[in-house]
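Visitor: I have a structure open and would like to learn how to read its features. Could you walk me through them?

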Amino acid sequence: MRREGYIIDEIVARPNMEESFWTVLRGDKRKRSRSGKYLIAHKDEIIDELIEKIRNGLFQVNRFFEIEAEEGGKMRRIQIFSLKDRIGVHAIMKVVDMHLKKRFIRTSAASIKGRGTHDLLCLVRSAISDDPAGTRHVYTFDIRKFYESVDHDFMNYCVSRVFKDNTLIRILTGFVNVMKRGISIGLRSSQGLGNLLLSIFIDHVLKDREGVRHYFRYCDDGRILDGSKKFLWKMRDVVCHQASRINLEIKKIERVSPVRDGIDFLGYVIYPDHTRVRKRNKQNFARKIRKVKSRRRRKELIASFYGLVKHADCKNLFYKLTGIKMKSFKDLNVTYKPEDGKKRFPGTVVSIRELVNLPIIVKDFETGIKTEQGDDRCIVSIEQNGEMKKFFTNSEEMKNILLQIKELPDGFPFETTIKAEMFGKGRTKYVFS
């Protein structure tokens, strides 16, 4: 494996440090806090100090307090670090994560930019749809107390295997060694480094060595799909062996089951022809919405639940629990509005010469288009034999006619035929007729 070069300069670049500063201090609550006000008042000094410490490899995080919080139905001890330390960690991991991302398999998610639950959900559903015979069964596994069980020696080995800069390695191993055992749940570095550990010891072993075609992982929760139960039990042995190598334990809930019974994953139960919301999530929402009295809080809960159910086949469930009809995309009547304000037309681009003497229907047009042939061109959207097409023109006559038709109450669409006329010294112009 080729190791990453020296990226400290990317980390301590002023734009990266300032962006991390304001990302950590997002929200009025943090800005108005005592430490937030101090950091904002001394922003340049704080950033200069962090740059110096990171560049010299002296940046450390070792002071924190712990709170107990419920997360995913479980009580966890979460470490809370100072805002100043979090700015430094964010600046480092923002660059580190960018370099790590290209090493992760496409079907891994969680704390990877652009890869959330819904992205992975689409990949799972696509695999089932595209390869029904090869996804008849699923092996389900989950790692027991992953963050609390990470072995520091193996984690630090992964860091040194990927990066060659000793300064950066010293900082990253410092993040790992904050806890006496495991890695901190409250430190931003833990998600990326945890993904790195599982990527090296499980993901690439399954994909590269064992040739698993349909493998998906969200943090410490994995699914392997295949047409053969025998193959999945073999992969089960591989996963358990690889986990035990790095002192991790697979939960006893692991199993091989038919996909037709549903894949419980990512907060959904995924079937071959539809998707449902996980029962626990439905029950939790129903309990909360029944107890809440604040109108504002009710709207927040409904919006959150809508964000979950809109990716599943749950219109009736949403109506039953909220009394609100879920609209379809067509009902919203929303279209894409480009930043430049120009219209975008469907269909292939054709030469106007190909349309001469052929009946067409002109649907719409847009002027002021910049092309390789020049600026202020006009693009015309047409329909020919039921197929959408478009062509570019610089004809002032055509532009003028189109602008006049635009002013008419029912000008578009209209039927016409394009004619070619000769003028001057053998020159050709195209006109509507």
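Guide: Gladly, and let us begin with a pocket. This is a predicted model, and its second largest pocket holds about 830 Å³ of space.

Visitor: Which residues lie nearest the centre of the second largest pocket?

Guide: They are Thr23, His90, Lys94, Asp97 and Arg188, out of 26 residues that line the second largest pocket.

Visitor: Which helix gives the largest share of the lining of that pocket?

Guide: That is α6, with 9 residues. The helices α2 (14-24), α6 (83-101) and α11 (189-209) each contribute at least two residues to the lining. Sorted by class, the lining of this pocket has 9 nonpolar, 8 polar and 9 charged residues.

Visitor: Let us stay with α6 for a moment. Is Asp85 buried or exposed?

Guide: The cut-off for buried is under 20% relative accessible area. Asp85, which sits in helix α6, has 15% relative accessibility and therefore counts as buried. Setting aside neighbours within four places in sequence, Asp85 is in contact with Phe59, Gln60, Val61 and Arg63. Take Arg63: Asp85 and Arg63 are 22 residues apart along the chain, with 9.0 Å between their C-alpha atoms.

Visitor: Now a lysine, please. What is the relative accessibility of Lys43?

Guide: Lys43 has 17% relative accessibility, so Lys43 counts as buried. Lys43 belongs to helix α5 (residues 43-55). Not counting residues up to four places away in sequence, Lys43 touches Glu18, Phe21 and Trp22. With Glu18 there is a polar contact as well, side chain to side chain, at 3.5 Å.

Visitor: How should I read the pattern of buried residues along a helix?

Guide: Start from the geometry: an α-helix has 3.6 residues a turn, so residues three or four places apart point the same way. Now look at helix α9 (residues 152-162), where His152, Met155, Asn156, Cys158, Val159 and Val162 are buried. Viewed down the axis of α9, these buried residues fall within an arc of 150°, so they line one face of the helix.

Visitor: What do the buried residues of α9 pack against?

Guide: They pack against α6, α10 (166-176) and α11.

Visitor: Which residue caps the N-terminal end of α9?

Guide: Asp151 does, with a side-chain oxygen 2.9 Å from the backbone nitrogen of Asp153.

Visitor: What should I look for in the backbone itself?

Guide: Look for departures from the general rule: most residues other than glycine have a negative phi, and most peptide bonds are trans.

Visitor: Where is there a positive phi in a residue other than glycine?

Guide: Ser111 is one of the cases, with phi near 60°. Ser111 is found in the loop between β3 (108-109) and α7 (117-130), and its 46% relative accessibility makes it partly exposed. Asn357 also has a positive phi, of about 65°. Asn357 lies in the loop between β11 (348-349) and β12 (359-371), and at 47% relative accessibility Asn357 counts as partly exposed.

Visitor: Which peptide bond is cis?

Guide: Check the bond from Phe412 to Pro413, which is cis, with omega near -10°. You will find Pro413 in the loop between α17 (396-407) and β15 (414-423).

How values were computed
Residues are numbered from 1 along each chain as its sequence is written. This is a predicted model: local features need pLDDT of at least 70, side-chain atom pairs count only at pLDDT 80 or more; totals for chains, interfaces and linings use all residues. Side-chain values use heavy atoms; hydrogens and water are left out. On a 1 Å grid over the protein atoms alone, a cavity is a set of points where a 1.4 Å probe fits but cannot get out, and a pocket is an open set with protein on both sides within 12 Å along at least five of seven lines; lining residues have an atom within 4 Å of a point. Grid points are joined across faces, edges and corners, and a volume is the space filled by probe spheres set on the points. Helices (H or I, at least four residues) and strands (E, at least two) are DSSP runs, numbered from the N terminus. Ala, Val, Leu, Ile, Met, Phe, Trp, Tyr, Cys and Pro count as nonpolar, Asp, Glu, Lys and Arg as charged, and the others, Gly among them, as polar. Buried means under 20% relative accessible area, exposed over 50%, partly exposed in between (1.4 Å probe, protein chains only). A polar contact is a pair of N or O atoms within 3.5 Å; within protein, one must be able to donate a hydrogen and the other to accept it, and residues adjacent in sequence count only if both atoms are side-chain atoms. Contact means heavy atoms within 4.5 Å. The arc is that of the directions from the helix axis to the C-beta atoms.
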